Amino acid sequence: MSNEKVNNTENKGLGISLDKKTVIAIISALVIIMAFVGVLTQVLPRGEYQVIEKDGYEQIVNGTYKELNDYKMPVWKIFLAPVLCFTSSYAGTGILIIVMVILIGGAFLILDKCGVMKFMMATLIKKFSKRKYSLMAVIIFCGMALSSVAGVLEESVTLVPIAVAVSLALGWDSLVGLGLSLVSIAWGFTAATFNPFNVATVQKLAGLEVFSGLSLRFVVFLGVYLILFAFLFLYAKKIEKNPKKSLVYESDKALREKYKIEDIDLILNNTDTKKGAKAFLICMAIDILAIIIDFALDLGGGLSLPAMAILFTVGGVLAGYFTGLKGKSLFKSFLQGAKTIAPVIPVVIFVIAISYILAEAKIMHTILFNVYNLLQGLSPYVAIVLLFVLIAFLEFFIGSGTAKAFLIMPLIAPLSDLVGITRQSIVTTFCLADGFTNLLYPTSGIMIIAIGLVGVSYGKWLKWSWKLFVGEFIFSVLMMLLMVGINYN
């Protein structure tokens, strides 16, 4: 048997495996969305507000909207958007995400192949097998705290495969693993406390003291935490009693077999694997330090994102090296891992293409102008809920919380004064709506990549998470009504 065949046999079933049907279904959905957005560009009039630069950022000037009748986006640009998007300002972000995902794929296969993944799982099982719901509570809290304080989100992709593997080892399923990693981190944006994007930026634009109004945001954090923990706790208990009730029971079979641990002590006593795991965990500790520095210096992810990609890769390579995976074998393993995750690249491209079409067509200001006129003169209780809906709606087209803030806050802040809503209430409403929809739409690149990593279709994702979204929506409405009632300031 040739070396190449041996290598393929060794690598079979290792690393991150993307289900082809899931990827095709997600890309098909994005193509339909791109077509829908393309139709909007032909139906809605182009328009824009005057934009000025203030404190180094572009802001909309209220009362300056005008329709633009001199140009309509050509249909051929819509069809070529997946190519043309790389000539836009979105190209840098897209390329960074693609590179990060490929590096993660390569490093993860090495971690899997050299046994470090099983070592980390065996460690957790031995320590928390009788206290696994305490572990669940701690992981959810830490995940939410990361994003609530430091604004971590994209970095959660690296944690998804590890959290899923741990979840399976503890007797749960891959959906619980997604809840422990992706959901807990994304919902920290909903419960933002010191988040530099959803709190600091929005408060600056609203003319408020940065990080003021903390008391109620701590209440929001506690409420969101309890909802998420209760949801995952009840679901995990249900599938423990009857594993076949899991929506991903069939697709998880291969993963359960892959991460099956029969002799924990044998794995934990392997000196080389212990060295590899230690090297990887040191790299992850350095990455946490990079996140802290990023937050402290207000770098907006400029340090934490590349640090996550680089340190995860370095950690994986070092883990392989210390466990005896060296030279060509190490390099081939990395390439094999990158290859298995490559199908996610078209997904990222189509998400960027949709953003490109919206920016090129200039219809977002038109949508904003019409909603602004609709809200004037309404009761503050009705208006604040409609503002929540508006922000949640815009998330479908604009995933970045900062971008949404600069787009709508210059209009919403003065409008809130007219309808009797405090600006502090608007800031918290923005956080609730932005975080609530981070994982709802198929235009969320991070969500689509994360569920694709574990072979969960978008349909199954919604079937599993809809109760969570309903609970969060009800909680958000209650908090908004409370804010209006107490004149939160």
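The expected span of a helix is taken here as 1.5 Å times one less than its number of residues, where helices are DSSP runs of H or I of at least four residues, numbered from the N terminus. The structure is a predicted model, in which local features need pLDDT of at least 70 and side-chain atom pairs count only at pLDDT 80 or more, while totals for chains, interfaces and linings use all residues. Residues are numbered from 1 along each chain as its sequence is written, and side-chain values use heavy atoms, with hydrogens and water left out.

Helix 19 covers residues 380-395. Its 16 residues should span 22 Å at 1.5 Å a residue, and the end C-alpha atoms, 23 Å apart, agree with that expectation. The buried residues of this helix (buried meaning under 20% relative accessible area, exposed over 50%, and partly exposed in between, with a 1.4 Å probe and protein chains only) are Ala-383, Ile-384, Leu-387, Phe-388, Leu-390, Ile-391, Ala-392, Leu-394 and Glu-395. They pack against helix 18, helix 20 (401-419), helix 21 (423-436) and helix 23.

The packing of helix 19 with helix 21 can be described through axes, which are lines fitted to C-alpha atoms over the stretch in contact, with angles from 0 to 180 degrees between N-to-C directions. The two helices pack at an angle of about 40°, with their axes 8 Å apart. Helix 19 is therefore oblique to helix 21, since angles under 35 degrees count as roughly parallel, over 145 as roughly antiparallel, 65 to 115 as roughly perpendicular and the rest as oblique. The contact (heavy atoms within 4.5 Å) involves Ile-384, Leu-387, Phe-388, Ile-391, Ala-392 and Glu-395 of helix 19.

Two residues other than glycine have a positive phi. Lys-362, with phi near 55°, lies in the loop between helix 17 (345-361) and helix 18 (364-375), and is partly exposed at 34% relative accessibility. Asn-487, also with phi near 55°, is placed in the segment after helix 23 (458-486), and its relative accessible area of 48% makes it partly exposed.

The cysteines remain. A disulfide is a covalent bond between the sulfur atoms of two cysteines. With the criterion of a pair of cysteine sulfur atoms within 2.5 Å, the count comes to zero disulfides. Cys-283 is in no disulfide, and the nearest cysteine sulfur, that of Cys-114, is 13 Å away. Cys-283 counts as buried at 6% relative accessibility, whereas Cys-142 is partly exposed at 41%.
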